[in-house]
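Reader: I have a structure open and a few things to ask about it. Can we go through them one at a time?
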Amino acid sequence: MDGKSSRPRSKQWYWLFLLPFIGTLWPPFYAHAHPIVAGFPFLYWYLLVWVVLVGIISAIVFAITG
Amino acid sequence: MNWSAFIVFVILFALVTVVGFWAARWRRGDLSLLEEWGLAGRRFGSFITWFLIGGDLYTAYTFIAVPGLVYGAGVTGFFAVPYTIVVFPILFVVMPRLWSVCQANGYVTPADFVRGRFDSRGLSLAIAITGILATLPYIALQLLGIQVVLEAMGVTGAGIMHDLPLIIAFGILAAYTYTSGLRAPATTAVIKDTLIYITVIVALIVIPARLGGFGHIFAVANTHLLAAPKPASIFLGPKGYWAFATLALGSAFALLMYPHAITGVLASKGQRAIKRNAVFLPLYSILLLFIAMFGYFALAAGIHTKVSSLVVPLLLLKEFPAWFAGFAFAAIAIGALVPASIMSIAASNLWTRNIYKEYFKPTATTADESRVAKLVSLVVKLGAVVFILALPLTYAINLQLLGGIWILQTLPAVLLGLYTRWFHRSALLVGWLVGMVIGTAMAASQGFVSIFPLQVGGLVLPVYAAVWATLANLLVTVVLTWIFNAAKMARGVDATAATQYQDAPASSIGA
């Protein structure tokens, strides 16, 4: 258990995971038609961006906390 | 009969069959042990785990039902996207703990864990029964995926001849799952995903170009949806906010409580493999968003059907040459076999460990366990075939919907149990029962729709019934725990140790 002393601090990075919940489970943020990108109304490409973001957030937390 | 589609389909199906049987020799282990047959020795690395959990999450039913829902109900069907966004942080945070405690104690099922953690046979039985009940209709619905593509290819006949192709397909699946165990879906999942990714990428290049681009597709789809007898839209209005968000959140937690998802997690070789999968599994969610778009493609392509499960097959037939439609149909059918195999293994593990061994034959050896589990996996699939052929399809769909509500009622014991033992075992059991009854009653009262409009003060909140039921479950569990603890009712002995939940040092476990 060599990493025990540093663990509580590194686990704080888990709070980053609240972001996708806030970003995708509160429809007033994104239930709009505009701006349209490449034919996609806002809601659709916004959620697509979040799919990529959630992977990036996991990658960051994984890289830091292992 | 569409011969060119059918020939491509049969060739790919034959390939999967060969691989499924060959899997028994892959990473050879003693398949007479349940840990080997049912969890493949807990040795899967990040790569295979990705395919296995991907196979769990993205089933033939997903490919058929989500675009079907979008075709009929518009944007509502896209709740599947936030659902498959928030599920991965939960996977990252929670599942390594479950893996760790299960590995340390040799647990194979979530009910094993609950039995050890809360020292309660009754609670463990409740978890096992809930898991089996929720899984069976899900397996039956995978058959629907095979059935619709066979139908789309014009494979028809009278009486038994009509059902024979489906029975043959499931017979093959049952045989290789019996011999190879979890190794079979793990290897065939690689083929499944290759076919699915190719199909979706080709469809995204070809279909929007043929239909006049995404902007045009959205516009035409919206016109059709607004003009429908039950008007819908591609835009989410304020009235749909609650349902959209709670369906996503409830489904995300429910998914990870399903026995087949837990089987996929427990079969990995370590915590790091699970976390790495949380990083890379969202690739499937990108795919899912575009698969959901198929519903709009179908509207824009002028597909007319009252049967929502036929939306995708009809679209593929219309927009692709026959041989490529056959390729895509094989992707859907094989996409049914992979999860059906994992689900039947998960249900067998539950039956064997938590019902057979616990109640019928406590002296069962590991060889007995494996033998029983293999046989039960056959029975489960036979049951699914009878279910889908003998009963109206709505039964399977309604039961699958209820299954999602039911499985979420295991969350307090399984998921919260990973973090605290404060809950009293009897309180968890009563809470579970309350959640099951309330959730079922809510769904049934709406004619088997997952959204229940509850009057809260002057406000009507249309929320996913599973979320209401789980809130009731938690409330009862907390209040009764407080009462039972105050009354000093026996709490049993925790068979797990606090250290077994911790993250292992990066160097020692998993890759």
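Reader: Which residue in β2(B) is the bridge partner of L454(B)?
Author: L461(B) is the bridge partner of L454(B). Keep in mind that this is a predicted model.

Reader: How many bridges join β1(B) to β2(B), and do they run parallel or antiparallel?
Author: Six bridges join them, and the two strands run antiparallel. Strand β1 of chain B covers residues 451-456, and strand β2 of chain B covers residues 459-464.

Reader: What sits between β1(B) and β2(B)?
Author: Two residues, and the strands form a hairpin around them. G457(B) is in the turn and has a positive phi of about 65 degrees.

Reader: Which residues other than glycine have a positive phi?
Author: D119(B) is one of them, with phi near 55 degrees. K488(B) is another case, with a positive phi of about 55 degrees. Most residues other than glycine have a negative phi.

Reader: Where is D119(B)?
Author: In the loop between α6 and α7 of chain B. D119(B) has 17 other C-beta atoms within 10 Å, so it counts as partly exposed.

Reader: Change of topic. Which peptide bond is cis?
Author: The bond from H34(A) to P35(A) is cis, with omega near -5 degrees. P35(A) is in the loop between α2 and α3 of chain A.

Reader: Since α3(A) came up, at what angle do α3(A) and α14(B) pack?
Author: At about 170 degrees, with the axes 9 Å apart. Over 145 degrees counts as roughly antiparallel, so that is the term for α3(A) and α14(B).

Reader: Which residues of α3(A) and α14(B) meet?
Author: From α3(A), they are L47(A), L48(A), V51(A), V54(A) and G55(A). From α14(B), they are P282(B), S285(B), I286(B) and L289(B). By class, this contact has seven nonpolar, two polar and no charged residues.

Reader: How many residues does each chain put into the contact between chain A and chain B?
Author: Chain B gives 32 residues and chain A gives 29 residues.

Reader: Which element of chain B gives the most to that side?
Author: α5(B), with eight residues. Elements giving two or more residues also include α10, α11, α13 and α14 of chain B. The side of chain B that touches chain A divides into 27 nonpolar, three polar and two charged residues.

Reader: Now within chain B. How do α4(B) and α7(B) cross?
Author: Their axes come within 8 Å and cross at roughly 75 degrees. That makes α4(B) roughly perpendicular to α7(B).

Reader: What meets what in α4(B) and α7(B)?
Author: A60(B), Y61(B), F63(B) and I64(B) in α4(B) meet L141(B), Q142(B), L144(B), G145(B) and V148(B) in α7(B). The contact has seven nonpolar, two polar and no charged residues.

Reader: Last one. How many residues of α12(B) are buried?
Author: Eight of the eight, so helix α12 of chain B, residues 259-266, is largely enclosed by the rest of the structure. Among the buried residues are P259(B), H260(B), T263(B) and L266(B).

Notes: Residues are numbered from 1 along each chain as its sequence is written. Chains are lettered from A and ligands numbered from 1 in the order in which they are written. This is a predicted model: local features need pLDDT of at least 70, side-chain atom pairs count only at pLDDT 80 or more; totals for chains, interfaces and linings use all residues. Two strands pair if DSSP finds at least two bridges between them. Helices (H or I, at least four residues) and strands (E, at least two) are DSSP runs, numbered from the N terminus. Axes are lines fitted to C-alpha atoms, for helices over the stretch in contact, and angles run from 0 to 180 degrees between N-to-C directions. Angles under 35 degrees count as roughly parallel, over 145 as roughly antiparallel, 65 to 115 as roughly perpendicular and the rest as oblique. Two residues are in contact if their C-beta atoms, placed from the backbone, lie within 7 Å. Ala, Val, Leu, Ile, Met, Phe, Trp, Tyr, Cys and Pro count as nonpolar, Asp, Glu, Lys and Arg as charged, and the others, Gly among them, as polar. A residue is buried if 20 or more other C-beta atoms lie within 10 Å of its own, exposed if 12 or fewer, and partly exposed in between; C-beta atoms are placed from the backbone.
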